[in-house]
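Open your viewer, keep the selection panel at hand, and follow along from stop to stop.

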Amino acid sequence: MCSDSRWRHGLLALATVGVMACADAEPEVLALAEDVGSATHDPTITVSDNEFGPDELVVQAGTEVTWDWQGGSAHDVVGPDFESPLQDSGTFTHTFEEAGTYTFVCSPHAGMTGTVHVLP
Ligand SMILES: [Cu+2]
């Protein structure tokens, strides 16, 4: 009886952690907001320890975005339909063909997130 209720409690705790992790860092494509501003002329995002700079970028559809590793630690870039290797130097590129707002994360670092707004 006692062990059965402990087991249930453990399961509930695991489920709660799972939900929180998803809400914090699940890459997704969102509808594009009206007022995201105009497209940048420099579609490059620096990957440093531990943030993306800038962490928000606006581009036209069809633009190739480059992530450029400058930090000393290993990071990756994981979006809804693209994923870089886990690396500590070099670059990664992805071309955004469809309008929308794309969130991306660094999978080892929970607070390391960024957004690309793609204009039609
Ligand atoms: Cu990272």
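**Before you click**

This is a predicted model: local features need pLDDT of at least 70, side-chain atom pairs count only at pLDDT 80 or more, and totals for chains, interfaces and linings use all residues. Residues are numbered from 1 along each chain as its sequence is written.

**Stop 1: the whole chain**

Start by colouring the chain by pLDDT, the predictor's confidence in each residue, from 0 to 100. The average over the chain is 86, and 80% of the residues score at least 70. Now select residues 10-23: pLDDT stays under 50 there, and the model has zero contacts beyond four places in sequence for this stretch. Two residues count as in contact if their C-beta atoms, placed from the backbone, lie within 7 Å.

Switch to cartoon next. You will find one helix and eight strands, and from the N terminus on they run α-β-β-β-β-β-β-β-β. Helices (H or I, at least four residues) and strands (E, at least two) are DSSP runs, numbered from the N terminus. Among contacts between residues at least 6 apart in sequence, 52% join residues at least 24 apart.

**Stop 2: the sheet with order 1-7-8-4**

Which strands stand at the edges of this sheet? The sheet is open, with four strands in the order 1-7-8-4 and mixed pairing. Its edge strands are strand 1 (29-30) and strand 4 (56-60), and each pairs on one side only. Strands pair here if DSSP finds at least two bridges between them.

Walk across it from strand 1:

- Select residues 100-106 for strand 7, which pairs with strand 1 in the antiparallel sense over two bridges. Zoom in on L30, whose bridge partner in strand 7 is T101.
- T101 stands opposite H117 in strand 8.
- Finish with strand 4, joined to strand 8 (residues 109-119) by five bridges, with the two strands running parallel. Here E56 stands opposite T115 of strand 8.

**Stop 3: the sheet with order 3-2-5-6**

The other stop among the sheets is also an open one of four strands, in the order 3-2-5-6 and with mixed pairing. Strand 3 (51-53) and strand 6 (91-96) are at its edges with a single partner strand each, so one side of each is left without a neighbour in the sheet. From one strand to the next, the twist averages 25° (axes are lines fitted to C-alpha atoms, and angles run from 0 to 180 degrees between N-to-C directions).

Select residues 44-48 to show strand 2, which three bridges join to strand 3 in an antiparallel arrangement. Within this pair, V47 has F52 of strand 3 as its bridge partner.

**Stop 4**

Buried residues make up 18% of the 120 residues in the chain. A residue is buried if 20 or more other C-beta atoms lie within 10 Å of its own, exposed if 12 or fewer, and partly exposed in between, with C-beta atoms placed from the backbone. In soluble globular proteins, nonpolar side chains tend to be buried together.

Select I45, V47, V65, F96, Y102 and V116: they have the most contacts inside the largest nonpolar core, which has 16 residues. Such a core is a set of buried Ala, Val, Leu, Ile, Met, Phe, Trp, Tyr and Cys residues joined through C-beta atoms within 7 Å. Strand 2, strand 5 (63-69), strand 7 and strand 8 are the elements that give two or more residues to this core. The largest share, four residues, comes from strand 7.

Centre on V116. Not counting residues up to four places away in sequence, V116 touches L57, V59, V65, F96 and Y102.

**Stop 5**

Is V65 buried or exposed? This residue of strand 5 counts as buried because it has 22 C-beta neighbours inside 10 Å.

End at T103 in strand 7. T103 is partly exposed, with 17 other C-beta atoms within 10 Å. Its C-alpha atom is separated by 5.8 Å from that of G114, eleven residues away along the chain. Leaving aside neighbours within four places in sequence, T103 is in contact with P27, E28, T113 and T115.
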